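Subject: Structure handover

Hello,

Here is the structure for you to look through. My notes on it follow below.

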Amino acid sequence: MHASNDSAEPDRHPHRVVVVGGGFGGLQAALGLRRAPVELTLVDRRNFHLFQPLTYQVATGALSPGEIAYPLRAVFKHDRNVRVMLAEVDDFDLEAREVHLSSVGLVPAPATIPYDTLIVAGGSRYSYFGHDDWSEHALEVKSLESAIAVRGRILSAFEAAEEEPDPEHRAAWLTFVVVGAGPTGVEMAGQIAELARDTLRHDFRVIDPRTARILLVEAADRVLLTFPPSLSAKAAQSLQKLGVTVLTNRTVVGIDGASVTVADGSAGPEEIPTHTVVWAAGVTASGLGTRLAELTGAERDRAGRVTVEPDLTLPGRPDVFALGDMVQVRSKDGSSVVLPGVAPVAIQQGRYAAEVVRARLRSDEAPPPFHYRNKGNLATIGRSAAVADIRGLKLSGNLAWLTWLVVHLFYLVGFQNRVLVLIRWTVSFLTHGRGARLITGTQAK
C-alpha cells in the first residue's frame, strides 16, 4: 500500500518549481527546466527580461528600451509547462513551501503559490552607502525605468543650458558627474562624452555641447579595479581622449540638486556645481536575500548577500536555491566567496541550479559543487575604444571593442533584438548619430 501511494504521488501533480526573478540567473534556470517533467512558474514584477549591461546605452540615447528588453512570455510561448506570472514577491513560507505574492499595478495576483523546489534570483540594487536621500538627485541605470529617467535628465540639461543666459549657471547645466568607475561608470562617462562631443555638436545654436565637463569620480586609486592595472591605465587614457576628467581617490560626501561635494582626504571638500549626477558605485543585495537569511539562519555579508551552500541551496533547505548578485557561495574550506556581480556569474548559476534539479528528478548523482568559470572581463569606453581581459589575454582598442560587440550581441535575448541592435550600432557608427534622444516622462511635463 505504501509503495502504491508513492507511485501515485507524481500523478497528483508534477514537480512544482517556482523561479523568482526574470533576470540572467532566473531566466537561465527556467530555460534549463522547460524541457524537464516539471510544472514551472516564473515570477517577476516586470513582464520582460532586461539586458542590464546595455541600460547605459538607453540612458544616452544610443539604443531604444525595446531593443534591450524582451517579453518573458515570448521566451516561453511554446513551453506549455511554463507559466509566467506578473507579481511582487513579499515573503516566503519555507515550512509550508509557499511564496507570498502581491499585485503589481492593476494586475491581480494570487496570495500564495506552492512549490516543491524554489529558485530565488532577486538580483541587487545600487547602494548609496547610508545616504538614500541622494537617490533623488543621483539617478542610477540598473533598471529600464531609471535608464529612461537618466536619458531625460541628461538631454534636459543640454536644453536648459541652451536657454540659460547666465554663464555660471550654464556651466553647471553642462557639468555631468558619474560616481563610481567600475564598468558601468566608465561606460556611462564615455557615452556622455561621445554624446556631447560628437552627436550633439551641431544641434544647438547658443551653446557648444563640446564644452561640457564630464567628471568620473572614484574612491579607489584607479578605474576598473577588477581589470589588470595596465588595462585600467589604457581605459583612463581613452576616457581622457574623449574629454572625461577622471578623479580618483575622491569620495563623494554630499549630493543635492545643485552640486556634488567630493573630498580627497588631504585637501578640504570641493563643491562641484551640477544638476546631473549618475550613480554607479556600490550595490546591495535584494531584500529577498535578507528574508531568506532570516528564515534559514544563513550568514549575510555587509552588502546583504546571503551565504549559500556549494550547491547554491540555503543551509538546511535543499529545496531552496538562491543565486546571482544576492548570494555569496560557501567553498569547500568553509569560507565564503563573493563572485563578481556580472551577468556570466548569474547565467552559470542559473544553469547549474537547473542541472541539480534535473539530476534529482532522475535520481542521479548530484553534480559537483558550483564552480564559476571566469571567461574574462570586458568594458567599452567609446567608439572603437574598449578593454578586455580574457583569460590572461589583455586587449584594448579596436580588437577589444569588436570583442565587446560580439559578446554582447551573443548574450542578448531574442533574435529580433540582436538584429535591431546590430543595425542600430552599425548606423550609429557610420553616421555618428543616436536615434533615441527622447525626453519622456516627468522631464517632458
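In this predicted model, the crossing of helices α11 and α12 is right-handed. The contact between the two is made on the α11 side by Trp401, Trp404, Leu405, His408, Leu409 and Phe410, and on the α12 side by Arg418, Val421, Leu422, Trp425 and Phe429. The two axes come within 9 Å and cross at roughly 155 degrees. Angles over 145 degrees count as roughly antiparallel, so α11 is roughly antiparallel to α12. As background, the angle between the axes and the distance between the axes are what describe two packed helices.

Helix α11 covers residues 398-411, which is 14 residues. At 1.5 Å a residue the helix should span 20 Å, and its end C-alpha atoms are 20 Å apart, so the two values agree. Its buried residues are Ala400, Trp401, Thr403, Trp404, Leu405, His408 and Leu409. What do the buried residues of α11 pack against? Their partners are helices α3 (55-59), α7 (183-199) and α12 (415-431), together with strands β25 (377-382), β26 (385-390) and β27 (393-396).

Next, the sheets. Five strands form an open sheet in the order β11-β18-β12-β13-β14, with parallel pairing. Which strands stand at the edges? They are β11 and β14 (244-247); each has a single partner strand, so one side of each is left without a neighbour in the sheet. The partner lines up as follows: two bridges join β11 to β18 (residues 276-279), and these strands run parallel. Ala138 has Val277 of β18 as its bridge partner. In general, strands of a sheet pair through backbone hydrogen bonds, in a parallel or an antiparallel way.

Phe176 is a residue to look at in this sheet, as part of strand β12 (residues 175-179). Is Phe176 buried or exposed? Its relative accessibility is 1%, so Phe176 counts as buried. Leaving out residues up to four places away in sequence, Phe176 touches Ile154, Ala157, Phe158, Ile192, Ala212, Arg213, Ile214, Leu215, Thr274 and Thr276. One of these, Arg213, is 37 residues from Phe176 along the chain, yet their C-alpha atoms are separated by 6.1 Å.

Strand β9 (residues 117-120) is covered on both faces. Thr117 and Ile119 are buried on one side, and Leu118 and Val120 are buried on the other. In a regular strand the side chains alternate between the two faces of the sheet. Strand β1 (residues 15-20) is joined to β9 by four bridges, and the two run parallel. Strand β22 (residues 317-322) also pairs with β9 in the parallel sense, over three bridges. Val120 is a bridge partner of Val20 and has Ala322 as its bridge partner in β22.

Last, two residues with an entry on backbone angles. Phe129 is not a glycine but has a positive phi of about 55 degrees. Its place is in the loop between β10 (124-126) and β11 (138-139). With a relative accessible area of 52%, Phe129 is exposed. Leu224 is not a glycine either, and its phi is positive at about 50 degrees. Leu224 is in the loop between β13 (213-217) and α8 (229-242). At 0% relative accessibility, Leu224 counts as buried.

Regards

How values were computed:
Residues numbered from 1 in each chain as written. Predicted model: local features only at pLDDT ≥ 70, side-chain atom pairs only at ≥ 80, totals over all residues. Heavy atoms only, no water. Buried < 20%, exposed > 50% of the residue type's maximum accessible area, 1.4 Å probe, protein only. Expected span 1.5 Å × (residues − 1). Contact = heavy atoms within 4.5 Å. Pairing = 2+ DSSP bridges. Axes fitted to C-alpha atoms, helices over the stretch in contact; angles between N-to-C directions. Parallel < 35°, antiparallel > 145°, perpendicular 65-115°, else oblique. Left-handed = near helix turned anticlockwise from the far one by under 90°.
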